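Here is a short tour of one model, written for someone who likes to see the geometry spelled out. Please keep the viewer open as you read.

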Amino acid sequence: MKAAVLEDKGVLTVQDVPTPTPKKWHVLLQVKAASICGSDVSRYANGHRMYPLILGHECAGIITAVGAGVDAELVGKRAAVIPLIPCYECEECERGGYSACHSYSFIGSRQSGGFADYVEIPARNALILPDDVSFEAAALIEPSSVARHILDIGDFKAGQRAAVLGAGSIGLMVVQWLRILKAALIICTDISDENLAAARRLGAHVTLNPKRDNIPAAVKKLTGSGVDLAVEAAGAPQTLLQTLQVTRPRGSVVFGGNQPLDAALPMSFIEDTMRKELRLNGCFMSYSAPFPGHEWTETVAAVRSGELNTEAMISHHFPLSAAPEIFAQIAARQLPHQKIILLPEKGN
Ligand SMILES: [Zn+2]
Ligand SMILES: [Zn+2]
């Protein structure tokens, strides 16, 4: 089969590799659509823990074979990949905190992923889908589940006012979930007017561009004390500081974007947190008990009802064979994009 293999930092090649045969309790999924995540680009551009590795954790397809111990009726079913493989036995798994599992694997990061014609996954990691969910929508279930999880972590309630700082794919998914869960006011910020236009189409009431607008002053003008919930979804130190500035006293902040590890924060960060008695929350992955969590099942329901718009999130489609070129362009910031779907040639 064909697969996009990360061979080294900045070296991605499409090659022929053996098609896996599903082991006991595993299934073989023929990949019909896979989406590129910012974390895939980071693994490519900044280097990764292991090589060679088939990337890809946002993907979906059809189950074509099952290993021993798996119901043969699953063959022919549509499924999306649930990438986290927790141990189910450690203290954190017992607590339902799967993303803090002491010994987990992750499809597309710690073992072969879905940028390939086929991917072998544990049967428990196949989210079985009804036939009316398209493969492309199914490939975006994972990023949607992250956004849904962010709102849980931030203890969001219907009728609250929220700000989303960053309108990349996770930010736009958060905007959609705020709309679905009936936020009274959705403010979204980004330095790209194109991203802000997408945010308005997907449910943001007000969009602000820090290149023109003073974000804390503009939010204060709109809300008085500030928003109930602010989500950092840009992965930049400036937006991280802004989340504290735009949140009302005793409001909630969720850090959802990966920050540059070499950046430093001023101690006003602590002072803002103390004076406003803010609740600061980190968010990692998208899982809750029972595995994989309601974040996933709610996404499937929202896709089926049409409330979650996945089509508007997709800016490009490319054949899987184009992956090396596409990754090089994204890493060089030469390809402005929202979600990019890779389509394996086989069966598409
Ligand atoms: Zn991802
Ligand atoms: Zn565990």
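In which sense do strands E1 and E2 pair, and over how many bridges? E1 (residues 2–8) and E2 pair in the antiparallel sense, over six bridges.

## Ground rules

This is a predicted model, where local features need pLDDT of at least 70, side-chain atom pairs count only at pLDDT 80 or more, and totals for chains, interfaces and linings use all residues. Residues are numbered from 1 along each chain as its sequence is written, while chains are lettered from A and ligands numbered from 1 in the order in which they are written.

Helices (H or I, at least four residues) and strands (E, at least two) are DSSP runs, numbered from the N terminus.

Strands pair if DSSP finds at least two bridges between them. By that rule, E2-E1-E4 is the order of an open sheet of three strands with antiparallel pairing. Its edge strands, E2 (11–16) and E4 (53–54), each pair on one side only. Within the sheet, Lys-2 stands opposite Asp-16 in E2.

Helix H11 (residues 323–331) packs on this sheet and touches E1 and E2; its direction makes about 170° with that of E2. Contact here is for residues whose C-beta atoms, placed from the backbone, lie within 7 Å. Axes are lines fitted to C-alpha atoms, for helices over the stretch in contact, with angles running from 0 to 180 degrees between N-to-C directions.

## The six-stranded sheet

A further open sheet has six strands in the order E13-E12-E11-E14-E15-E16, and the pairing is parallel. E13 (206–208) and E16 (279–282) stand at the edges with a single partner strand each, so one side of each is left without a neighbour in the sheet. Direction ignored, neighbouring strands are turned by 15° against each other on average.

Four bridges join E15 (residues 247–255) to E16 in the parallel sense, and Phe-255 stands opposite Gly-282 in E16. Helix H5 lies across E11, E12 and E14, running at about 170° to E12.

Among the buried ones are Ile-170, Leu-172, Met-173 and Trp-177. The partners of the buried residues of H5 include helix H4 (141–153), helix H6 (193–202) and strand E18 (339–343). Just after H5, Lys-182 takes a positive phi of about 65°.

H4 is largely enclosed by the rest of the structure, because twelve of its 13 residues are buried. They include Glu-142, Arg-148 and His-149. H4 reaches 18 Å from its first C-alpha to its last, close to the 18 Å expected at 1.5 Å a residue (1.5 Å times one less than the number of residues). Just after H4, Asp-155 has a positive phi of about 55°.

## Helix against helix

The axes of H8 (residues 237–246) and H9 (residues 268–276) come within 10 Å and cross at roughly 25°. That makes H8 roughly parallel to H9 (under 35 degrees; over 145 is roughly antiparallel, 65 to 115 roughly perpendicular and the rest oblique). The contact is made by Leu-241, Leu-244 and Gln-245 of H8 with Phe-269, Asp-272 and Thr-273 of H9.

For H7 (residues 215–223) and H8, the axes come within 9 Å and cross at roughly 25°, and these helices are therefore roughly parallel to each other. Ile-215, Pro-216 and Val-219 in H7 meet Gln-242, Gln-245 and Val-246 in H8.

Key:
Contact = placed C-beta atoms within 7 Å. Buried ≥ 20, exposed ≤ 12 C-beta atoms within 10 Å, placed from the backbone.
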